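Colleague: I am new to this structure. Can we go through it by question and answer?

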Amino acid sequence: MREQRGGSTGTVAFVALAGLLLPLVACGYRPLDGKGVFGPDVKTIEVEAFDNASTAPGLEQQIADAMVEEFARRAWLEPVLQNQVANPDLVMSGELLTADVRSNSYSAGGLALEERVEVRFDVSVKRGASGEVVYRHPGWSVTEVFLSSADPMVYASNKEQALRRVASVIAERVHDELFQRF
């Protein structure tokens, strides 16, 4: 005959699970949900194309597209393009200040191997009805490195890909900071 020693397997599993979950509950951990950050009635954000004072034509549209994609992916606010909705709850606008390209590294012969594009921009979000600024971040900078090339087509393609990555990073950072402020 077998002797039982205090407690069943179910009790041991429960105590182990409680021991693992207790630190999470005690530290105030909870899943992040930004749907109610701006109030229960705020559901849409209009993404205006940034004003483009840089030398990168079309970058403002790439950033607007990246913003719409990022907000749609996170699904906390429904993104709409400029003038799609009569009264959006929030309106995002900004200005591209610069998109400078500089050589980043050189070969032994003095040819550029890598280029660095730095995009500086301002961004703000206002309530659609009142115009109250709920978020503002001036003077942001995002940098991306791409391979240089003596072939103009390859160079242009590499630069375009770098600018697309910059647009994606801008969208992600703006989204994250917008919801982390609250």
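Predicted model: local features only at pLDDT ≥ 70, side-chain atom pairs only at ≥ 80, totals over all residues.

Colleague: What share of the 182 residues is buried?
Modeller: Buried means under 20% relative accessible area. Of the 182 residues in the protein, the buried ones make up 31%.

Colleague: Among contacts between residues at least 6 apart in sequence, what share joins residues at least 24 apart?
Modeller: Take the contacts between residues at least 6 apart in sequence. The share that joins residues at least 24 apart is 69%.

Colleague: How many aromatic pairs are there, and why is the pair of phenylalanine 50 and phenylalanine 121 classed as it is?
Modeller: The structure holds five aromatic pairs. In this one, the ring centres are 6.5 Å apart and the planes meet at 35°. Planes under 30 degrees apart count as stacked and over 60 as edge-to-face, so the rest are tilted. At 35°, the pair is therefore tilted.

Colleague: Where do phenylalanine 50 and phenylalanine 121 lie, and how many residues apart are they?
Modeller: Phenylalanine 50 sits in the loop between β1 (44-47) and β2 (51-52). Phenylalanine 121 is in strand β5 (residues 112-127). The pair links distant parts of the chain, 71 residues apart.

Colleague: Is phenylalanine 50 buried or exposed?
Modeller: The cut-off for buried is under 20% relative accessible area. Phenylalanine 50 has 4%, so it counts as buried.

Colleague: What form does the pair of phenylalanine 121 and tryptophan 140 take?
Modeller: Their centres are 5.4 Å apart. The angle between the planes is 80°. Planes over 60 degrees apart count as edge-to-face. The pair of phenylalanine 121 and tryptophan 140 is edge-to-face.

Colleague: Which strands does that pair tie together?
Modeller: Both phenylalanine 121 and tryptophan 140 are buried. They are 19 residues apart in sequence. Phenylalanine 121 lies in strand β5 and tryptophan 140 in strand β6 (residues 133-147), so the pair ties together β5 and β6.

Colleague: Is asparagine 83 buried or exposed?
Modeller: Asparagine 83 is in the loop between β3 and β4 (90-106). Its phi is positive, about 65°, although it is not a glycine. Exposed means over 50% relative accessible area. Asparagine 83 has 66%, so it is exposed.

Conventions. Residues numbered from 1 in each chain as written. Heavy atoms only, no water. Phe/Tyr/Trp six-rings, centres within 6.5 Å; stacked < 30°, edge-to-face > 60°. Helix = DSSP H or I, 4+ residues; strand = E, 2+ residues; numbered from the N terminus. Buried < 20%, exposed > 50% of the residue type's maximum accessible area, 1.4 Å probe, protein only. Contact = heavy atoms within 4.5 Å.
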